[in-house]
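Please keep the picture at hand and follow along with me.

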Amino acid sequence: MDIIVENLTKKFGTQRAVDNVSFKVKTGEVLGFLGPNGAGKTTTMRAITTFLTPNEGTIKFGNLSIYDHPDEIKKHIGYLPENNPLYQDMPVIDYLRFCARLQGIKKSKIKSKILKMVDLCGLEGEKHKKIGELSKGYQQRVGLAQALIHDPEVLIFDEPTAGLDPNQIVEIRKLIKKIGKEKTVILSSHILAEVEATCDRIMIINKGKIVADGTSDELRKHTQGKEILKITIEDGEKNEIFKALQKINSVEVVDFIDKNLNSFEIQSKPEMSSKKAIFKMCIEKAWTLTELTPFETKLEDVFRELTMN
Amino acid sequence: MKQIWIISRRELQSFFNSLMAYIILVTFLGFSGFFTWLFGSDVFFVKQASLQSFFGIAYWTLFFFIPALTMRLFAEENRSGTIELLVTKPINDWQLVLGKFLSTLLLIIIALVLTLPYYITVANLGPVDHGAVWSGYLGLILMSAAYISIGIFTSSISNNQIVGYMLALFIGIFFQIIFGLLAGNLSGFIGSILDYLSLSTHFESISRGVIDTKDLIYFLSIIFIGLVLTEGNLAKKRI
């Protein structure tokens, strides 16, 4: 089920939390929302889940609009809200049964569905405990279980791995990747590595507007105009190497990283590569090239560049 | 209808899990039993086989207990954020409001059913006006429904349960007694309006055994207005 968001605007008072945002998510796609605090991630997700009514714009699930068919749409959504609110005084099993009933799962199937979720989310040992007695990580699993219990076509996770330990994070990411193959998934996070690891597509939001949209490679290219290399050359005199490097046509800037080790940082001119030329130069002068590493632009840098003013 | 029942069931479960239900049942039965049988103008004092004293006591105990039951219903959901999960499930605001309303009404009905032994005992002591007893119970149920509806509305206003409780009592006390007192002092048009607004007038006429459509309309409109305002409050939070 595709999600189509058109010109979504949500105001709180005079502040525009989400400002004229349009995007589309296809079935089988995992979309990651990135953005600093207060960028409008949660508001956008709340509008998609019908929790908040937009001031302007429409949201469609396939052909269904949230204004005309909210009840129909809600059946297809599995939602894990921010901070994972749950009924603390309810036992896990009872809570899952309550959710299954609300989702209209047939009576005969409720039990097997609950057991499947308990198994999938690793809640076997905790299923009879009250939710309030569980650790944060286990509560997060209960939140995931309630979102997945009716096998929804659309999954919306607001910071799904908050409060989990590293092992659990890896598990949840795997789970999301697995689910994401057949379903439409939108997740938000401010952990960049997480978005990079789980999402097919990344959208960066800042101050209610989309500032970047694409795969993580595309986003990197977006800011990475110039090639940056780190090289180390042995058996040569450092000043001589420095001058020789500067003479290469494609090289724009040469800088010492460590004078004692003869390592340099080389920035090439836009859209040019100096790797071959450096290698050839070393052969000609009989220097030993011991290191040549391209610096990758990190998603962190992209993020910082786009969201800092 | 199914969704309403699912919500009610969870709320009832929560009442019983949190001991709230037991506390309310025990204190309600304790209070009403004490004043019906042992103290004040009890059955033996008035020397009549009637449940009038019980209805008088229940009228006041329910007035104080009902806000204690309803204060949690929406305030807690708002505070903990569970309302977000609830309204994004396939359920609409009306089903949610009615479900919560029904759960509390059912708990009150359970409490009233448990007082049926009083009726049976009194009926064995002397000739009882059976019609008056049943209409008295009906009056209690209608009055409870009206206060539940007010209580649910005040609970939906803030995240704070105590605010919900105090506000419900504040609004309730006007219907319970203040309109009646004012109506006694004022004459003419305003007096008759206040008399109509006073819940005790309607409750007394029903508990005497006279079921008038005028009284039924009165209770049903309070219930309706309370629930409409609650629904409005829920919708308002999402705009």
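Where in chain A is the place of A:Asn84? I found A:Asn84 in the loop between strand S6 (77–80) and helix H3 (92–102) of chain A. Helices here are DSSP runs of H or I with at least four residues, strands are runs of E with at least two, and both are numbered from the N terminus.

Before going on, I noted the ground rules. This is a predicted model, where local features need pLDDT of at least 70 and side-chain atom pairs count only at pLDDT 80 or more, while totals for chains, interfaces and linings use all residues. Residues are numbered from 1 along each chain as its sequence is written, chains are lettered from A and ligands numbered from 1 in the order in which they are written, and side-chain values use heavy atoms, with hydrogens and water left out.

**Entry 1**

Is A:Asn84 buried or exposed? I read a relative accessibility of 5%, so A:Asn84 counts as buried. (Buried means under 20% relative accessible area, exposed over 50%, and partly exposed in between, with a 1.4 Å probe and protein chains only.) Setting aside neighbours within four places in sequence, I saw A:Asn84 in contact with A:Gln139, A:Gln140 and A:Gly143; contact means heavy atoms within 4.5 Å.

A:Asn83 lies in the loop between S6 and H3 too. A:Asn83 is exposed, at 73% relative accessible area.

**Entry 2: another positive phi**

I looked up A:Ala286 next, and its phi is near 60°, a positive value in a residue other than glycine. A:Ala286 sits in the loop between helix H10 (275–285) and strand S14 (288–294) of chain A. With 59% relative accessibility, A:Ala286 counts as exposed.

**Entry 3: a residue in a strand**

I moved to A:Ser22, which belongs to strand S2 (residues 15–25) of chain A. A:Ser22 is partly exposed, with 38% relative accessible area. What separates the C-alpha atoms of A:Ser22 and A:Ile4? I read 7.7 Å, for two residues that are 18 residues apart along the chain. Beyond its neighbours within four places in sequence, A:Ser22 is in contact with A:Val5, A:Glu6, A:Asn7 and A:Ile210.

**Entry 4: where the chains meet**

A:Thr49 is in the loop between helix H1 (41–48) and strand S4 (56–61) of chain A. A:Thr49 is buried, with a relative accessible area of 0%. Not counting residues up to four places away in sequence, A:Thr49 touches A:Ile77, A:Tyr79 and A:Ile156, and also B:Thr88.

How many residues does the contact take from each chain? I noted 26 from chain A and 26 from chain B. The two chains bury about 2600 Å² between them, 56% of it on carbon and sulfur atoms. (Buried area is the accessible area, with a 1.4 Å probe, that two parts lose on being put together, summed over both.) A:Phe51, A:Tyr87 and A:Leu102 supply 27% of the area that chain A buries against chain B, more than any other three residues.

**Entry 5: helices of chain B**

Two packed helices are described by the angle between their axes and the distance between the axes. Axes are lines fitted to C-alpha atoms, for helices over the stretch in contact, and angles run from 0 to 180 degrees between N-to-C directions.

I took helix H8 (residues 130–157) and H11(B) as a pair: they pack at about 155°, with axes 7 Å apart. That makes H8(B) roughly antiparallel to H11(B). (Angles under 35 degrees count as roughly parallel, over 145 as roughly antiparallel, 65 to 115 as roughly perpendicular and the rest as oblique.) The residues of this contact divide into 9 nonpolar, 4 polar and no charged. (Ala, Val, Leu, Ile, Met, Phe, Trp, Tyr, Cys and Pro count as nonpolar, Asp, Glu, Lys and Arg as charged, and the others, Gly among them, as polar.)

Helix H4 (residues 52–80) of chain B also packs with H11(B), at about 155° and with axes 11 Å apart. H4(B) is thus roughly antiparallel to H11(B). From H4(B), the contact uses B:Gln52, B:Phe55 and B:Tyr59.
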